[in-house]
Amino acid sequence: MKKKYVVFKPRERERSFVLSVVLMTAKMLFFVVLLIGISCSGLVVGLAKAWIDTTPDLDLDKIGAQAQTSFIFDSSGNLITEFKGSQNRIYVEIGDIPANLINAVISIEDKRFFEHHGIDIKRQIGALVNNLTGGKTQGASTLTCQLVKLTMLNSDQNYRRKVQEAYLAVEVEKNLSKQEILEAYMNVIYLGGSSYGVKIAAQDYFGKDLEQLTLRECASLAAITRNPSRYNPRRNYYGTGEPSIIDDRTDYVLECMYDNGFISKAEYDAALADSLTVVEDSTVNDLYDM
């Protein structure tokens, strides 16, 4: 004789009225929250699509169309004078930029630069979580995003610009190599005063050509990018009299370089022990010879 299995059994006692109300309310709240979530997701997707549809066309010519310092020569090829506009910039090719300077910028601004395709999802999620949990406000822009913002968009702090920036960054990565993006960024970036690009900044702050820069000087230039006014070496050393501001930031850049494997422990220790010699007076605003 087969044993009978009882699937449903008669309720032995009446369910608590209060418990029934709580369970029903919980179910209703769950479905309400679910519907709101779905509606909000659709709204966000629709809004993002609308912003992308109104994004300016990708114009790579704008990246190279930056103001540059002009040089006037005589008929024998001797330099007569320089002519600087509001942006003092001398373009330099990537092959003439020291590896230490490139690695310093990547370490502090976009350590996964060679891994992502314009946007760093991992960094964006980390920044979002940190900002929502009350941590120090963080940005998630890659070097490519920053290049787009500096040459094709503006600096407005809103979600529309962020979405358009991310979209264009992906498009830029489809059309330019990583080396081309790095070269453009190194020449576009603002580094305080009227210095645009790393070549002018090296000459203005340290009186050196790029190939003469020490590891610590490279790290200090990379340190300026986050806040060119606050981390301006000349301002810190001779204006506010607070060299520790740029020195501490430079130490942090060096730490990032070491953590990312760009420099050895010996190089790291030597750079920490080194010091900056900043040119006190800038020649940028000197009167022209003629």
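How many of the nine residues of helix 5 are buried? Seven are, in a stretch covering residues 143–151. This is a predicted model, where local features need pLDDT of at least 70, side-chain atom pairs count only at pLDDT 80 or more, and totals for chains, interfaces and linings use all residues. Residues are numbered from 1 along each chain as its sequence is written, and side-chain values use heavy atoms, leaving out hydrogens and water.

**View 1. Helix 5 is mostly covered.** Here you'll find Leu143, Thr144, Cys145, Gln146, Leu147, Val148 and Thr151 buried (under 20% relative accessible area with a 1.4 Å probe, protein chains only). These buried residues pack against helix 2 (61–64), helix 3 (99–109), helix 6 (159–175) and helix 7 (178–188). Helices here are DSSP runs (H or I, at least four residues), numbered from the N terminus.

**View 2. Helix 3 packs with helix 9 (residues 215–224).** Their angle is about 40°, with the axes 8 Å apart. Axes are lines fitted to C-alpha atoms over the stretch in contact, and angles run from 0 to 180 degrees between N-to-C directions. Asn100, Leu101, Ala104, Val105 and Ile108 in helix 3 meet Leu215, Cys218, Ala219, Leu221 and Ala222 in helix 9.

**View 3. Val198 sits in helix 8 (residues 198–206).** At 3% relative accessibility, Val198 counts as buried. Setting aside neighbours within four places in sequence, Val198 is in contact with residues including Leu101, Met186 and Leu221 (contact means heavy atoms within 4.5 Å). The C-alpha atoms of Val198 and Leu221 are 7.5 Å apart, though 23 residues separate the two along the chain.

Key:
Buried < 20%, exposed > 50% of the residue type's maximum accessible area, 1.4 Å probe, protein only. Helix = DSSP H or I, 4+ residues; strand = E, 2+ residues; numbered from the N terminus.
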